[in-house]
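Please open the model in your viewer and keep a selection panel at hand. The stops below go from one selection to the next.

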Amino acid sequence: MEMARTHYFSDMSVMLGRSMRHIFRSLDTIITVTIMPIMFMLLFVYVFGGAIQTGTDSYVNYLLPGILLIAISSGIAYTSYRLFMDMQRGIFERFYS
């Protein structure tokens, strides 16, 4: 148990470094996670403008939480995919040894 605690931060930094290298090498990931929510926001606010009627409230009040949810879920989906791929390739067994 003590051994797991001493290597916790070093293992975490290795996994963070690997994840960051994978993200920066993958242009589609950068576009999906960072640029798409911004583009959705610009599209629904400026292109569609006042086309969506919600009564007295502005629909932008409803739009922002939805786009934030999309951004968070795409980040979680990518993280879970990378974790699954690391488990399949045996990176955790290397940490245990």
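## A tour along the helices

Select residues 60–81 to begin: over this span the chain is 100% helix and 0% strand, and its end C-alpha atoms are 31 Å apart. The model is a predicted one, in which local features need pLDDT of at least 70 and side-chain atom pairs count only at pLDDT 80 or more, while totals for chains, interfaces and linings use all residues. Residues are numbered from 1 along each chain as its sequence is written, and side-chain values use heavy atoms, with hydrogens and water left out.

Now colour by secondary structure, where the protein shows 5 helices and 0 strands, helices being DSSP runs of H or I of at least four residues and strands runs of E of at least two, both numbered from the N terminus.

Next, select residues 27–48 together with 60–81, the two stretches for which the unreviewed UniProt entry gives the feature "transmembrane region"; such annotations may be inferred rather than shown by experiment. Residues 27–48 are 95% helix and 0% strand, with end C-alpha atoms 28 Å apart.

Narrow the selection to helix 3, residues 27–47, whose 21 residues have end C-alpha atoms only 26 Å apart, short of the 30 Å that a straight helix would reach (the expected span is 1.5 Å times one less than the number of residues). Where does helix 3 bend? The bend, of about 45°, is at Ile 35, and Pro 37 follows within four residues; the angle is taken between axes fitted to the seven residues ending there and the seven starting there.

Stay on Ile 35, which is partly exposed with a relative accessible area of 40%, and compare Ile 38, also selected here, which is exposed at 52%; buried means under 20% relative accessible area, exposed over 50% and partly exposed in between, with a 1.4 Å probe and protein chains only. A distance drawn from Ile 35 to Ala 71 gives 9.6 Å, C-alpha to C-alpha, across 36 residues of sequence.

At the end of this stretch, click on Gly 49, which follows helix 3 and has a positive phi near 50°.

Then move to helix 4, residues 60–89, whose 30 residues should span 44 Å and whose end C-alpha atoms are 43 Å apart, which agrees. Across the protein, buried residues make up 15% of the 97 residues.
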